[in-house]
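Okay, hi everyone, I'll keep this quick. Let me put the sequence and the model up, and then we'll walk through them together.

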Amino acid sequence: MNKERLVNKSFEQELGEIYALLEDIKIIQKGSSEFPELSIKLSGIIDKIAEKYYEYTLITEASLDVIFRLSKTGKMIFISSSCKDIFGYLPEEILGKPFSEFIPKDRLKLHFAELHKLFRDKAIVNFTSFVV
């Protein structure tokens with residue numbers, strides 16, 4: 001799996017594809033006595049993943065702050081829709097681009113120090129920023 005994949009890709013579409021594959025597998029494996037049990041377990045796991053995703057979506061979309069996620073190479077792989085109201089950019093205009101494109105040049109050193117701390121300590125870092 002490509003770790004720099006954009007998170008905002010339609011999760012519902014991906015989940016639909018997984019459910020469709022599960023149905024195809026059920027049809028192919030009807031003769032197997034163990035398969036129905038495995039299929040039920042897989043369906044349960046998929047349902048739990050979908051539930052967690054919807055909880056995550058509710059939190060990120062209801063937030064008044066911008067919530068974002070960076071790849072280890074500094075590319076924006078998730079940003080909440082509040083970026084439009086706060087920064088004036090649509091998520092599609094930001095996703096996949098380097099974080100540094102949106103930071104004033106005179107503040108880059110500070111931001112990179114915070115990012116280094118984040119990746120080194122694997123801790124959540126809160127900081128105020130300015131966006132260009």
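**A quick tour of the chain**

So, reading along the sequence, the protein chain runs α-α-β-β-α-α-α. That comes to five helices and two strands. Keep in mind that this is a predicted model.

Some overall numbers. The protein chain has 132 residues, and 25% of them count as buried. Its accessible surface is about 9,700 Å², with 60% of that belonging to carbon and sulfur atoms. On contacts: take the ones between residues at least 6 apart in sequence, and 40% of those join residues at least 24 apart.

Now, the inside. Which residues make up the largest nonpolar core? There are 12 in all: Val66, Leu70, Met76, Ile79, Cys83, Ile94, Leu95, Phe99, Phe102, Ile103, Leu108 and Leu115. The elements giving two or more residues to this core are strand 2, at 76–79, and helix 5, at 108–121.

Over to the surface. Leu42, Ile45 and Ile49 form a nonpolar patch there, and together they have about 260 Å² of accessible area. Ile45 sits in helix 2, residues 35–62. Is Ile45 buried, exposed or partly exposed? Its relative accessible area is 48%, so Ile45 is partly exposed, given that exposed means over 50%.

Last stop, Ser63. You'll find Ser63 in the loop between helix 2 and strand 1, the strand at 68–70. Ser63 counts as buried because its relative accessible area is 18%, and the cut-off is under 20%. A polar atom of the Ser63 side chain lies 3.0 Å from the backbone nitrogen of Asp65.

That's my tour, thanks.

Conventions. Residues are numbered from 1 along each chain as its sequence is written. This is a predicted model: local features need pLDDT of at least 70, side-chain atom pairs count only at pLDDT 80 or more; totals for chains, interfaces and linings use all residues. Side-chain values use heavy atoms; hydrogens and water are left out. Patches are made of residues with over 30% relative accessible area and no salt bridge: like charges are joined within 9 Å, nonpolar side chains (Val, Leu, Ile, Met, Phe, Trp, Tyr) within 5 Å. Accessible areas come from the Shrake-Rupley method with a 1.4 Å probe; for residues, only the protein chains shown count as cover. A salt bridge is a side-chain nitrogen of Lys or Arg within 4 Å of a carboxyl oxygen of Asp or Glu. Helices (H or I, at least four residues) and strands (E, at least two) are DSSP runs, numbered from the N terminus. Buried means under 20% relative accessible area, exposed over 50%, partly exposed in between (1.4 Å probe, protein chains only). A nonpolar core is a set of buried Ala, Val, Leu, Ile, Met, Phe, Trp, Tyr and Cys residues joined through side-chain atoms within 4.5 Å. A polar contact is a pair of N or O atoms within 3.5 Å; within protein, one must be able to donate a hydrogen and the other to accept it, and residues adjacent in sequence count only if both atoms are side-chain atoms. Contact means heavy atoms within 4.5 Å.
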